[in-house]
Amino acid sequence: MVAPDPPRTQGESTARGLLRGNVLWLSVTSFLNDAASEMIYPLLPLFLTGTLGVGAAFVGVVEGVAESASSLTKLASGWVADRTGRRKTPTALGYGIAAVGRPLISVATLGWHVLAVRIADRLGKGIRTAPRDALLAESVPAEQRGAAFGLHRAADHSGAVAGPLIASALLLVYPHDLRTVFAWALVPGLLTLGTVLWKVRETAPARPAGPLAAPAPLPRLRGLGPVLPRYLAVLALFTLGNASDAFLLLRAQQAGVAIAAIPLLWGALHVSKAVFSVWGGRLSDRWGARRSIIAGWMVYAAVYAGFAWVGAAWQVWALFLVYGLFFGLTEAPEKALVAGLAPEGLRGSAFGAYHAAIGIAALPASILFGALWQMYDARTAFLAGAGFALAAALLLPLVLPADRVPARA
């Protein structure tokens, strides 16, 4: 087994110093994977409602079921990664499933066809995510985890900029032919798999002596200590108001954004995400992940309240750009906090529990949001999402006070 990347010196603490080894190649992998995914995702709500003729409630079912389908997979894959000590193999398997399965949307003729492909895609994500995050956390010193996750998320979001741009270019060549655009997503997907197989290195996860030296025979939260489960409970509460971003794209269309501009709007959001991700990850290393997460959830509540009252296309563009700040303040800090709260040798299981908590809450979140939209209106749905975010932001410092957060977190 190849040893993890060597610790960085103080002079290498910048983002440039971190871009080497697994941090570099996992970032490239995420760039390529998101380019493939985002060639499809911003056009999928329009494909479902326009080409296949389904309603907003079914869009919520597709996104909610797809995300929740990966929940137990994420928990199990993290546990398996801890039991076997292998991170790279499940990471490559998960990316491979998504790379091959995702373009099959191009041949879908019914709503349930799209649902089946989305479930397969999310199962691939479930298999790879916890081992990949553990691999990344174990490739850098503890004091640089926020920056490393921030760089990884920035690359991920940069790929999500490239994907819509590629889709827009293909639509110029194949006007209104969404199926051909979806089929072309196979190319960056295969490049993703090749990068993992040939460039990413395995790590040797820590195995301390004592009762936590190895994961339990079955994945469970009890072995993760008393603090992490409370954090995950509040995170699940926030997720209940964090419905699929597909609804933001439908809202944008309602507010007057042209269909041809939807991929560009989605790309602009990911430019904002990429810019704020590097800054947010490094900020959390200095400021503290808990504070950063609370600030991010407050930004989310404000943005969703804005979407409740949006009435013009320029307002949609402004809200999408501010929305990127929420991701910068939360994505890398959330993962850095999980890595810090997790016992040594159980980070795979901890990341599996983290992603499972989000995935389990994603199903009722999107279904509830879609139902509120269809039964009442979009304003009611967005205000409900803002309310959940505010509740979580107020609750987190109560269940996770600063004096209970370990120094490594």
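Accessible areas here come from the Shrake-Rupley method with a 1.4 Å probe, and for residues only the protein chains shown count as cover. The model is a predicted one, in which local features need pLDDT of at least 70 and side-chain atom pairs count only at pLDDT 80 or more, while totals for chains, interfaces and linings use all residues. Residues are numbered from 1 along each chain as its sequence is written, and side-chain values use heavy atoms, with hydrogens and water left out.

Next, switch to a cartoon view. The chain has 17 helices and zero strands; both are DSSP runs numbered from the N terminus, helices being H or I with at least four residues and strands E with at least two. Of the 409 residues, 57% count as buried. Buried means under 20% relative accessible area, exposed means over 50%, and partly exposed lies in between (1.4 Å probe, protein chains only).

**The surface patch**

Select L172, V173, Y174, W184, V187 and L191. Together they form a nonpolar patch on the surface with about 620 Å² of accessible area. A patch is made of residues with over 30% relative accessible area and no salt bridge; nonpolar side chains (Val, Leu, Ile, Met, Phe, Trp, Tyr) are joined within 5 Å, and like charges within 9 Å. Helices α8 (145-173) and α10 (186-199) each supply at least two residues of the patch. V187, in helix α10, is partly exposed because its relative accessible area is 42%.

Move to S168 in helix α8. Is this residue buried or exposed? S168 counts as buried, because its relative accessibility is 16%. Leaving aside residues up to four places away in sequence, S168 touches P263 and L264, where contact means heavy atoms within 4.5 Å.

Now select α12. Seven of its nine residues are buried, so this helix is largely enclosed by the rest of the structure. The buried residues include F247, L248 and R251. Just after α12, G256 takes a positive phi of about 110°.

The whole structure holds 23 aromatic pairs. Show the side chains of F247 and W373: their ring centres are 5.8 Å apart and their planes lie at 35°, so the pair is tilted. Rings of Phe, Tyr and Trp (its six-membered ring) pair if their centres lie within 6.5 Å; planes under 30 degrees apart count as stacked, over 60 as edge-to-face and the rest as tilted. F247 lies in helix α12 (residues 246-254) and W373 in helix α16 (residues 347-375), so the pair ties together parts that are 126 residues apart in sequence. Both F247 and W373 are buried.

**Charged side chains**

Select K273 with F327. The charged end of K273 sits over the ring of F327, 3.8 Å from its centre; this requires NZ of Lys or CZ of Arg within 6 Å of the ring centre and within 35 degrees of the ring normal.

How many salt bridges does a search of the whole structure find? It finds nine, each being a side-chain nitrogen of Lys or Arg within 4 Å of a carboxyl oxygen of Asp or Glu. Select K335 and D133, whose side chains meet in one of them (3.4 Å, N to O). This pair links distant parts of the chain, with K335 in helix α15 (residues 313-341) and D133 in helix α7 (residues 111-137), 202 residues apart. Finish with R102, R118, D121 and R122, which are linked in a network of salt bridges.
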